[in-house]
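Biologist: Could you walk me through this chain and tell me what stands behind each label?

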Amino acid sequence: MMFVCTDAEPDTDPTDVPDIHAWVAENDARGRRLQGDELAPSTAATTVRVRGGELLISDGPFAETTEVIVGFDLLDCADLDEAIEVARAHPMARHGRLELRPFAGLPG
């Protein structure tokens, strides 16, 4: 899973910024991007918790931070090295940050 996040300190070099549509098309064509989408703003988030059997619902994101998750891509890569190369070519590698995380798999 690749989380697409903002960053308080984006790259300021405007040269050779990759095109997101080209990135999506290339990775879809290669079968490396299985699914992905942009998320609504964090102000549209709803946080759900249960404490002591009581349902607690609050508006907005759980974490208070300047960096937020703005999208995701589900990748199918042979290994971490390939996933890093896919992430490196994503426009948000320059303007934000990309977090790569493997699925742990549920037991059973």
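Modeller: Let's begin with Val-17: leaving out residues up to four places away in sequence, Val-17 touches Arg-94 and His-95. Contact here means heavy atoms within 4.5 Å. This is a predicted model, where local features need pLDDT of at least 70 and side-chain atom pairs count only at pLDDT 80 or more, while totals for chains, interfaces and linings use all residues. Residues are numbered from 1 along each chain as its sequence is written, and side-chain values use heavy atoms, with hydrogens and water left out.

Biologist: Where does Val-17 lie, and what makes it count as partly exposed?

Modeller: Val-17 sits in the loop between strand 1 and helix 1. Helices (H or I, at least four residues) and strands (E, at least two) are DSSP runs, numbered from the N terminus. Buried means under 20% relative accessible area and exposed over 50%, with partly exposed in between (1.4 Å probe, protein chains only). The relative accessibility of Val-17 is 37%, so Val-17 counts as partly exposed.

Biologist: Why is Asp-16 called exposed?

Modeller: Asp-16 reaches 72% relative accessibility, so it counts as exposed. Asp-16 belongs to the loop between strand 1 and helix 1 (20–29). Its phi is positive, about 55 degrees, although Asp-16 is not a glycine. Most residues other than glycine have a negative phi.

Biologist: What makes Thr-43 and Pro-107 exposed?

Modeller: Thr-43 has a relative accessible area of 69%, and is therefore exposed. Pro-107 has 79%, so Pro-107 is exposed too. Thr-43 lies in the loop between strand 2 (33–38) and strand 3 (46–51), and its C-alpha is 5.0 Å from that of Gly-60, 17 residues apart in sequence. Pro-107 is in the segment after strand 6 (96–100); from C-alpha to C-alpha, Pro-107 and Met-1 are 19 Å apart, at 106 residues apart in sequence.

Biologist: Which residues does Leu-74 touch?

Modeller: Leu-74, found in strand 5 (residues 69–75), touches Met-1, Arg-32, Arg-33, Leu-34, Gln-35 and Phe-103, not counting residues up to four places away in sequence. Leu-74 and Met-1 are 73 residues apart in sequence, yet their C-alpha atoms are 4.8 Å apart. Among contacts in the chain between residues at least 6 apart in sequence, 73% join residues at least 24 apart.

Biologist: What makes a set of residues a nonpolar core, and which residues form the largest one?

Modeller: A nonpolar core is a set of buried Ala, Val, Leu, Ile, Met, Phe, Trp, Tyr and Cys residues joined through side-chain atoms within 4.5 Å. The largest has eight residues: Met-2, Val-4, Trp-23, Leu-75, Val-86, Ala-87, Met-92 and Leu-98. Strand 1 (2–6) and helix 2 (80–88) each supply at least two residues of this core. Leaving aside neighbours within four places, Trp-23 has contacts including Met-2, Leu-75 and Val-86, as well as Arg-33 and Pro-91. Over the chain, buried residues make up 20% of the 108.

Biologist: And the whole chain: in what order do its elements run?

Modeller: Starting at the N terminus, the order is β-α-β-β-β-β-α-α-β, with three helices and six strands.

Biologist: How do you know that the chain is more spread out than a compact globule?

Modeller: The radius of gyration is taken over C-alpha atoms, and the globule rule is 2.2 Å times the number of residues to the power 0.38. For 108 residues the rule gives 13 Å, while the chain has 16 Å, well over that, so it is more spread out than a compact globule. Along the principal axes, the C-alpha atoms fill a box of roughly 50 × 40 × 20 Å.
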